[in-house]
Amino acid sequence: MTALSDAAIRVRSALEARGLETPMRSHNLTTDEQQERITGLMTQVMDVLGLDLQDDSLAETPQRIAKMYVREIFSGLDYAHFPKITLIDNKMKVDEMVQVRDISLTSTCEHHFVTIDGTATVAYIPRGKVIGLSKINRIVQFFARRPQVQERLTQQVLVALQTLLESDDVAVSITATHYCVKARGVMDATSNTTTTSLGGIFKSRPATRQEFLSGVVR
């Protein structure tokens, strides 16, 4: 089992303390064992649906799905994959907002296991530390690679950055299309959902909040 980084441990503990961790239970399965189990279960699902697994187009589908689930779209369930975090002292004394817009994310609705596709905007006010810009993107993508609800995803990114930066002054907004709405049920192809989570002065100072939100709605 891969040892978790200090950053991963701190973020997971903060989410658990605030009741924001994705509902999970521990297991002792290796990655290969997970893939083997899922392959068998997907074979059963496809058989029940009446699909011919002898057909060369379908024969490897259970294995493909298992690999995709474990190593790709649900890899964020394993904190061993939490991104390596680069923090540096704020020697330049930057005290204005740092905002990263249009961070692409693809997640999966935990209610129907279909795609959530959208973008995130993340901002923070540097205090003692600043974070490598690409690490913000990686944190968003880490938490997106789980079965999710958008409200929780938004708050997970917020708390992760607050924990790592040791500052409440973080803001996150996500706008996404949910394929459980677009491709099934009501089948509304044009709607999207926006969720916002604000901390520190983004919540308490109207001018700072407006500056952030003006970058989200363009």
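What is the volume of the largest pocket? The volume is about 1,500 Å³. The model is predicted, so local features need pLDDT of at least 70 and side-chain atom pairs count only at pLDDT 80 or more, while totals for chains, interfaces and linings use all residues. Residues are numbered from 1 along each chain as its sequence is written, and side-chain values use heavy atoms, without hydrogens and water.

A pocket is an open set of points on a 1 Å grid over the protein atoms alone, where a 1.4 Å probe fits, with protein on both sides within 12 Å along at least five of seven lines. Its volume is the space filled by probe spheres set on the points. The largest pocket is lined by 32 residues, and R25, H27, L29, Q34 and L77 are the closest to its centre. Lining residues have an atom within 4 Å of a point. Helices α2 (31–48) and α3 (61–73) each supply at least two lining residues. The largest share, six residues, comes from α2. Helices are DSSP runs (H or I, at least four residues), and strands are E runs of at least two, numbered from the N terminus. By type, the lining holds 16 nonpolar, 10 polar and six charged residues. Asp, Glu, Lys and Arg count as charged; Ala, Val, Leu, Ile, Met, Phe, Trp, Tyr, Cys and Pro count as nonpolar; the others, Gly among them, are polar.

The axes of α2 and α3 come within 8 Å and cross at roughly 135 degrees. This makes α2 oblique to α3. Axes are lines fitted to C-alpha atoms over the stretch in contact, and angles run from 0 to 180 degrees between N-to-C directions. The crossing is right-handed, with the near helix turned clockwise from the far one by less than a right angle. Contact means heavy atoms within 4.5 Å. In α2, the contacting residues include Q34, I38 and M42; in α3, they include I65, Y69 and V70. This contact comprises eight nonpolar, seven polar and three charged residues.

Helices α4 (residues 133–144) and α5 (residues 150–165) pack at about 135 degrees, with axes 10 Å apart. Thus α4 is oblique to α5. Their crossing is right-handed. Residues I136, I139, V140, F143 and A144 of α4 meet L153, Q156, V157, A160, L161 and L164 of α5. That contact has 10 nonpolar residues, one polar and no charged.

D168 lies in the loop between α5 and β6 (170–178). Leaving out residues up to four places away in sequence, D168 touches Q162, G199 and G200.

Terms used:
Parallel < 35°, antiparallel > 145°, perpendicular 65-115°, else oblique.
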